[in-house]
Amino acid sequence: MTDVTGQWVDIDRLLLCNGPMALDAFTPTQKAVDWFREECRVLVIGAGGLGCELLKDLALVGFRHIDVIDMDTIDYSNLNRQFLFRTGDVSQSKAHVAAAFVNKRVYGVQVKAHHNRIEDFGDDFYSAFHIVVSGLDNIRARRWLNIQLVSQAVQEQNDDDDEDAPIKWHPKTLITCINGGTEGWKGETRVITPHNTPCFECLVDLFPKDPYNFPMCTTAEKPRSPEHCIVFAMEKRWVEKFGEKKIDGDNEVHINMIMEWAKEHAKKFNLDDKAVTYNLTKGVVKRIIPAIASTNAVSQQLAQMKLSKLSQELMPLLKILPILQVIWVALVCQQIMSLMKLA
Ligand SMILES: [Zn+2]
């Protein structure tokens, strides 16, 4: 497709000349640009906080054939950071609204929306993509996606009849997944190429545990924070009064009761009881972890480093090296934009 608006001229410069990130085997040609524009298919999973950023970046750098999957609908609380959505879009499909926004805004880009669960699709669907970028908000779904992509790898025939020969995988069946996730101030961006890097399942135990899981001796005898006092009120005072009855995080009476007990506990240990607020109490009770836009910027910084390393690790997948370089640039741009938003 001719770049009639000149919108991708800077990316073309990158693809049409060599650079310090390129392997020796990378030959900058118009063919590489055409492949990138016309043939490369990217699947974005999730059209939420990370998905909105990714769709914008991918479209602006010239990925033209993007699919996006999201089963969710838009909520008011999404509007502060999921900037492809407006007030009038509330309760509509995230995937459809995000796709329509990008298609309208970036000339020549075709984002195809799927208002579905990731499990609704199988091998045929996923194998059609060269690269998958995931911005899922839960571990269960990321595990499912990981198994789906890893299990699609096909072993190459070993002609030598040598049983000790290392296993080779058909490069085209190794679908790289760039896996992003954030939790409050914590974030990660991980590149997973099946059978070349550890997969999601290999490292799943590294995820942080429940942030409010404090030992009872700390919350009861040595509380140091308002959260400690709230957890004490939930685990000790509530249980003493109501036994097994569950706390309803949406019930104002329940939250107020926990808050008052937590304030009492804070005073007893000379802590600032004003720090125990209604919202904080509700947040701890419901295990709410706020989504923070700047975490994206930090996790993308990590993506830069990971993708730099990746350029050395993907020898069998030379075909996608130019894309990785472009994604690297996209992530740098995204980081700069995120920082600008904060300024
Ligand atoms: Zn693994």
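This is a predicted model: local features need pLDDT of at least 70, side-chain atom pairs count only at pLDDT 80 or more; totals for chains, interfaces and linings use all residues.

Student: Which residue of β4 does Leu43 stand opposite?

Tutor: β1 and β4 pair in the parallel sense, with four bridges. Within β4, the residue opposite Leu43 is Val132.

Student: On the β5 side, which residue stands opposite Ile131?

Tutor: β4 also pairs with β5 in the parallel sense, again over four bridges. Val133 stands opposite Ile178 in β5. Ile131 stands opposite Thr176.

Student: What is the order of the strands in the open sheet?

Tutor: The sheet has six strands and mixed pairing. Its edge strands, each pairing on one side only, are β3 (110–114) and β6 (186–192). On average, neighbouring strands are turned by 15 degrees against each other, direction ignored. The order is β3-β2-β1-β4-β5-β6.

Student: Which helix packs on this sheet and touches β1, β4, β5 and β6?

Tutor: The direction of this helix makes about 170 degrees with that of β4 (131–134). The helix spans residues 139–150. It is α6.

Student: Which residue of β2 is the bridge partner of Ile45?

Tutor: Strand β1 (residues 41–45) pairs with strand β2 (residues 65–69) in the parallel sense, over five bridges. β2 is mostly covered, with four of its five residues buried. The bridge partner of Ile45 is Ile69.

Student: Is β5 largely enclosed or open?

Tutor: Count its buried residues. Seven of the eight residues of β5 are buried, so the rest of the structure leaves β5 largely enclosed.

Student: How many bridges join β5 to β6?

Tutor: These two strands form a hairpin, with two residues between them. Gly180 stands opposite Thr189 in β6. The strands run antiparallel, and the number of bridges is seven.

Student: Which residue in the turn of that hairpin has a positive phi?

Tutor: Look between β5 and β6. The phi there is about 60 degrees, and the residue is Gly184.

Student: Is Leu79 buried, partly exposed or exposed?

Tutor: Leu79 lies in the loop between β2 and α4 (94–105). Buried needs 20 or more other C-beta atoms within 10 Å, and exposed needs 12 or fewer. Leu79 has 14, so it falls in between and is partly exposed.

Student: Which residues does Leu79 touch, leaving out those up to four places away in sequence?

Tutor: Gly48 is 31 residues from Leu79 in sequence and 10.0 Å from it in space, C-alpha to C-alpha. The residues that Leu79 touches are Phe85 and Thr87.

Student: At what angle do the axes of α8 and α9 cross?

Tutor: Helix α8 covers residues 226–242 and helix α9 covers residues 252–268. Their axes come within 8 Å. The crossing is right-handed. The angle is roughly 115 degrees.

Student: How many nonpolar residues are in the contact of α8 with α9?

Tutor: From α8 come Pro226, Cys229, Ile230, Phe232, Ala233, Met234, Arg237 and Trp238. From α9 come Ile258, Trp261, Ala262, His265 and Ala266. One residue of the contact is polar and one is charged; the nonpolar count is 11.

Student: What share of contacts with a separation of 6 or more is between residues 24 or more positions apart?

Tutor: The chain has 343 residues, of which 38% are buried. It holds 12 helices and six strands. The share of those contacts is 63%.

Student: Where is confidence lowest, and where highest?

Tutor: The mean pLDDT of the chain is 82, and 81% of its residues reach 70 or more. Helix α12 (residues 321–342) has a mean of 53, and β3 has 97. Confidence is therefore lowest in α12 and highest in β3.

Student: How many contacts beyond four places in sequence does the model have for residues 307–322?

Tutor: Over this stretch pLDDT stays under 50. The number of such contacts is 28.

Technical notes:
Residues are numbered from 1 along each chain as its sequence is written. Axes are lines fitted to C-alpha atoms, for helices over the stretch in contact, and angles run from 0 to 180 degrees between N-to-C directions. A crossing is left-handed if the near helix is turned anticlockwise from the far one by less than a right angle, and right-handed if clockwise. Two residues are in contact if their C-beta atoms, placed from the backbone, lie within 7 Å. Ala, Val, Leu, Ile, Met, Phe, Trp, Tyr, Cys and Pro count as nonpolar, Asp, Glu, Lys and Arg as charged, and the others, Gly among them, as polar. Two strands pair if DSSP finds at least two bridges between them. pLDDT is the predictor's confidence in each residue, from 0 to 100.
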